[in-house]
Amino acid sequence: MQLQKTFKESYMKTLRDSVRSEVAIPLYKANTFEVDATQVKRLANVYAPEGLAQKLSEVWEDDFQSAIAIYEAYQSISPLLASNEAFWAYLTHVDLFAYTQKRWPKVKDNDCTADYIIDHWFVGSNGLLRNAVASMWWSVYNTIDEERENKYELTEVLFKNYTLRVITFGSYQLIRHREAMIGVLSFLKDNPEVMTNAFEYRGRFISKYFNRLGAVKQLAYLKRDFFYDVCAEMKDKIMSITKLEQISDESLYNDIV
């Protein structure tokens, strides 16, 4: 096996800037992305997986299986490396360029924007959970439950709804706290009726509730049972959410002290 390659930080920034200026947008329509080999380096003790691209599907319904394949291919990397934009940018531009292009096909449209490319090939203002490959790795990493017979059981719950995973939970700090995610997803697993009808609004309410609760409690130190119990205690409140505007009702948050 060969050591995994990555972009040099300065080169990644140059590429990103060329997209922002819209000069490089046409390059993303080609079958392969040409990179400067002198601006690539190898990572110590990280090996490039074989055959990963063939395991990935551009169909969004298959995201869960693709995410497992990506995570297992790079399960030995540290969270520090997994937070490095240059690493993910190399994968989306080189090793997994074809997958990224097929999964996010609007890149070939004449009206494709710089923000679209930056979100899915780099790390844009929406963070790692929009990057085509990083979003998969982190979604698995933060939801693995080693206490379950199937450690990916809760990961599958998260992947049932793209908006929940990337926009609702992804826009809050909650998704970065594994214990919180395990607690919330365990509740959703045990209460599937919550995920019917207006679920995107209910998911947004849950995220907003814990975001506010984080202002008065150190959530980072709390275990999964706490998050599960909070959701269970306010289940009636969660089920009452049927419209977007209800999330702004301040009375829903009066118990946060």
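A: Contact means heavy atoms within 4.5 Å. Leaving aside neighbours within four places in sequence, Ile118 is in contact with Arg16, Val19, Arg20, Val123 and Gly124. This is a predicted model, in which local features need pLDDT of at least 70 and side-chain atom pairs count only at pLDDT 80 or more, while totals for chains, interfaces and linings use all residues. Residues are numbered from 1 along each chain as its sequence is written, and side-chain values use heavy atoms, with hydrogens and water left out.

Q: Where does Ile118 lie, and is Ile118 buried or exposed?

A: Helices (H or I, at least four residues) and strands (E, at least two) are DSSP runs, numbered from the N terminus. Ile118 lies in helix H5 (residues 114–121). Buried means under 20% relative accessible area, exposed over 50%, and partly exposed in between (1.4 Å probe, protein chains only). Ile118 has a relative accessible area of 3%, so Ile118 is buried.

Q: How is a pocket found, and which residues are closest to the centre of the second largest pocket?

A: Rolling a probe the size of a water molecule over the atoms shows where empty space is left. On a 1 Å grid over the protein atoms alone, a pocket is an open set of points where a 1.4 Å probe fits, with protein on both sides within 12 Å along at least five of seven lines; lining residues have an atom within 4 Å of a point. The second largest pocket holds about 210 Å³ of space. Of its 15 lining residues, Gln4, Ala48, Pro49, Tyr74 and Asp95 are the closest to its centre. Gln4 belongs to strand E1 (residues 3–7) and is buried because its relative accessibility is 0%.

Q: What is a salt bridge, and how many does the structure hold?

A: Side chains of opposite charge can pair when their charged atoms come close. The criterion is a side-chain nitrogen of Lys or Arg within 4 Å of a carboxyl oxygen of Asp or Glu. The structure holds 12 salt bridges. One of them joins Arg16 and Glu85, whose closest N and O atoms are 2.5 Å apart. This pair links distant parts of the chain, with Arg16 in helix H1 (residues 9–20) and Glu85 in helix H3, 69 residues apart. Arg16 is buried, at 16% relative accessibility, and Glu85 is buried, at 13%.

Q: Which residues are linked in a network of salt bridges?

A: The network links Asp145, Glu147, Arg148, Glu153, Glu179, Lys189 and Arg224.

Notes. Grid points are joined across faces, edges and corners, and a volume is the space filled by probe spheres set on the points.
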